[in-house]
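Let us walk through this structure step by step. Keep the 3D view open and turn it as you read.

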2 protein chains.
Amino acid sequence: MIRVVESLKEVREFVAASLRRNQKIGFVPTMGAFHAGHLSLMRQARKDSAIVIVSIFVNPLQFAAGEDYDRYPRQLAKDVRMAESEGVDLIFAPSVAEMYPKGYATYIDQTDLPNKLCGQFRPDHFRGVMSVVGKLFNVITPDTAYLGQKDYQQFLIIRRMAVDLNLDVDVRMLPTAREEDGLAMSSRNIYLGPKQRKDATCLYRALQRAEELVGGGTNNAARVMSEMKRVIQRVKGARIEYIAVVNSETLEPAKEIKGKTLISLAVRIGKARLIDNILV
Amino acid sequence: MIRVVESLKEVREFVAASLRRNQKIGFVPTMGAFHAGHLSLMRQARKDSAIVIVSIFVNPLQFAAGEDYDRYPRQLAKDVRMAESEGVDLIFAPSVAEMYPKGYATYIDQTDLPNKLCGQFRPDHFRGVMSVVGKLFNVITPDTAYLGQKDYQQFLIIRRMAVDLNLDVDVRMLPTAREEDGLAMSSRNIYLGPKQRKDATCLYRALQRAEELVGGGTNNAARVMSEMKRVIQRVKGARIEYIAVVNSETLEPAKEIKGKTLISLAVRIGKARLIDNILV
């Protein structure tokens, strides 16, 4: 039977009991509104660990004013059922007041990585992500945490945070889950109307075009980006936020594609800000 | 027998073994150069906990350029003997490279408290303190941590950090240790020449004068501060950095002394920056 708790105190008790039994803890931090991507993370955690904990918390700290905090989808009852069918042991679904009580004032931040890619357009976003994930890691003390590749920059930053702050957690990345037509699964796809939903495939098509070019021997990053741009620009109403070819560890722009490279983009379609990436 | 280790890995192993034996951990974070103040923290930890861990690390992150990082006193062998005589179980004395390896990029920061009092004169100081203490808390997982009242602002900030980041540690403050003439013990007192050492008693004398005034019914903060200023200014070569009367929780300036109030000051004498405070 899955348990759902809302207080830090209850999580602590659950975690303490697990540790007393010497059980490894796998953890999937989420904002809820589960799709197949979330479920694949839970499934892997279930394989790896005696205890699987999932957090559901739409974290206000990682949304800027004017972003979609208020309309971000919330569906706790449905999420609980979905998590239960993946064998999750505990869902931690705290209130904002539980996570950020009156007087809350502490933040985790990082130089370098958070200023790249999405960080250029969402200046305090990763600070909010790190702060909440750091809090969750501290209370859940996972052995392993699971994140999806769609949010590759987030993965890098959280892994870096864990290493830097001596958090003894293995931060793992699993592949992006995709719809049949290639669209990366995202809780935000719900913002897309039917026409926009079709248009939204342009991100993956642009990435496929990039992969094709690289596979065919093109290693000039500018060339790859301009081809990707063409793919997106063919879609009316798709506004490019960025297209980037970067070193997959430092996120520094790559001129040539050699060694591990991230090809990444953010595109706005209607009210949705969509991101996707591949590693080549 | 006291153990001295330099690597995070060894601390982790020691801590894991202690936790397996269900032993409570008391922790005293220090920069070494022990005086009676440090020893009183260790003694209390020894009373409270099965395991006492002391860290010795002169943390570069909390010194600004031009401050005394390079000349801060270092005396590991002597410190180890002193800690041993207090019954400390483990000293963790890492190198800078162990704490901040190449690529280190993560910081813990806080709004509000770090900008007050000393923070106005040492802008990134408390960010450095929080980052290192956060790291140490994560690896040592203490039940209780002990800090001295001399660094009252540091105590408040670290306690706030622990609460905010869901670190399950009780952050306790113990009284300032003083020399016979009242000077607050500090590793930095070593910077004082014989004449300056005498002059340095002005901080405590100013605080005693404040206490006397408050005890006598004066509750006007401006009055108290101006009397303190007079005490300091009588000492040639004592340069006031700040004199403050503030709410002891928020560190906001108090106009009237009512409820718990912190009276605090920072004074430069020669090469030494000295701080002291009392709670009234």
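Start where the two chains meet. This is a predicted model, and in it the contact draws 23 residues from chain B and 23 residues from chain A. Which parts of chain B reach across? Helix H1 (8-20), strand E5 (106-110), helix H5 (125-140) and helix H6 (152-164) of chain B each give at least two residues to the side that touches chain A. E5(B) makes the largest contribution to that side, with five residues. Sorted by class, the side of chain B that touches chain A holds 10 nonpolar, six polar and seven charged residues.

Now look at the strands in this contact. Strand E5 (residues 106-110) of chain A pairs with E5(B). The two strands are antiparallel, and five bridges link them. To find one of these links, pick A:Gln110; its bridge partner in E5(B) is B:Thr106. Strands of a sheet pair through backbone hydrogen bonds, either parallel or antiparallel.

How are the two copies related?

Next, take chain A as a whole. Its secondary structure comes to nine helices and 10 strands. Its C-alpha trace spans about 55 × 40 × 40 Å along the principal axes. A compact globule of 280 residues would have a radius of gyration near 19 Å, and chain A agrees, because its own value is 19 Å. Of the 280 residues of chain A, 45% count as buried. Take the contacts in chain A with a separation of 6 or more: 70% of them join residues 24 or more positions apart.

Turn to chain B for a sheet of six strands. It is open, and its pairing is parallel. The strand order is E1-E4-E3-E2-E6-E7. At the edges are strand E1 (3-5) and strand E7 (170-174) of chain B, each pairing on one side only. Neighbouring strands in this sheet are turned by 25° against each other on average, direction ignored. Begin at the edge strand E1(B). Three bridges join E1(B) in parallel to strand E4 (residues 90-92) of chain B. Here B:Val4 stands opposite B:Ile91 in E4(B).

Helices lie across these strands. Helix H3 (residues 76-85) of chain B lies across E1, strand E3 (51-56) and E4 of chain B. Its direction makes an angle of about 160° with E3(B). H5(B) lies across strand E2 (25-30) and E3 of chain B, and runs at about 155° to E2(B).

What does a helix residue touch in the other copy? In chain A, look at A:Ile140, which lies in helix H5 (residues 125-140). A residue counts as buried if 20 or more other C-beta atoms lie within 10 Å of its own. A:Ile140 has 26 other C-beta atoms within 10 Å, so A:Ile140 is buried. Leaving out residues up to four places away in sequence, A:Ile140 touches A:Val11, A:Val15, A:Ile25, A:Phe27 and A:Ile53.

Chain A also has an open sheet of three strands, in the order E8-E9-E10, with antiparallel pairing. Strand E8 (238-247) and strand E10 (272-279) of chain A are at the edges with a single partner strand each, so one side of each has no neighbour in the sheet. The twist averages 15° from one strand to the next. E8(A) and strand E9 (residues 261-269) of chain A are antiparallel and share nine bridges. One pair to find is A:Ala238 and its bridge partner in E9(A), A:Ile269.

Finish in chain B, with strand E9 (residues 261-269) and strand E10 (residues 272-279). Eight bridges join these antiparallel strands. B:Ile263 has B:Ile278 as its bridge partner in E10(B). E9(B) and E10(B) form a hairpin with two residues between them. In the turn, B:Gly270 has a positive phi of about 60°.

Conventions. Residues are numbered from 1 along each chain as its sequence is written. Chains are lettered from A and ligands numbered from 1 in the order in which they are written. This is a predicted model: local features need pLDDT of at least 70, side-chain atom pairs count only at pLDDT 80 or more; totals for chains, interfaces and linings use all residues. Two residues are in contact if their C-beta atoms, placed from the backbone, lie within 7 Å. Helices (H or I, at least four residues) and strands (E, at least two) are DSSP runs, numbered from the N terminus. Ala, Val, Leu, Ile, Met, Phe, Trp, Tyr, Cys and Pro count as nonpolar, Asp, Glu, Lys and Arg as charged, and the others, Gly among them, as polar. Two strands pair if DSSP finds at least two bridges between them. The radius of gyration is taken over C-alpha atoms; the globule rule is 2.2 Å times the number of residues to the power 0.38. A residue is buried if 20 or more other C-beta atoms lie within 10 Å of its own, exposed if 12 or fewer, and partly exposed in between; C-beta atoms are placed from the backbone. Axes are lines fitted to C-alpha atoms, for helices over the stretch in contact, and angles run from 0 to 180 degrees between N-to-C directions.
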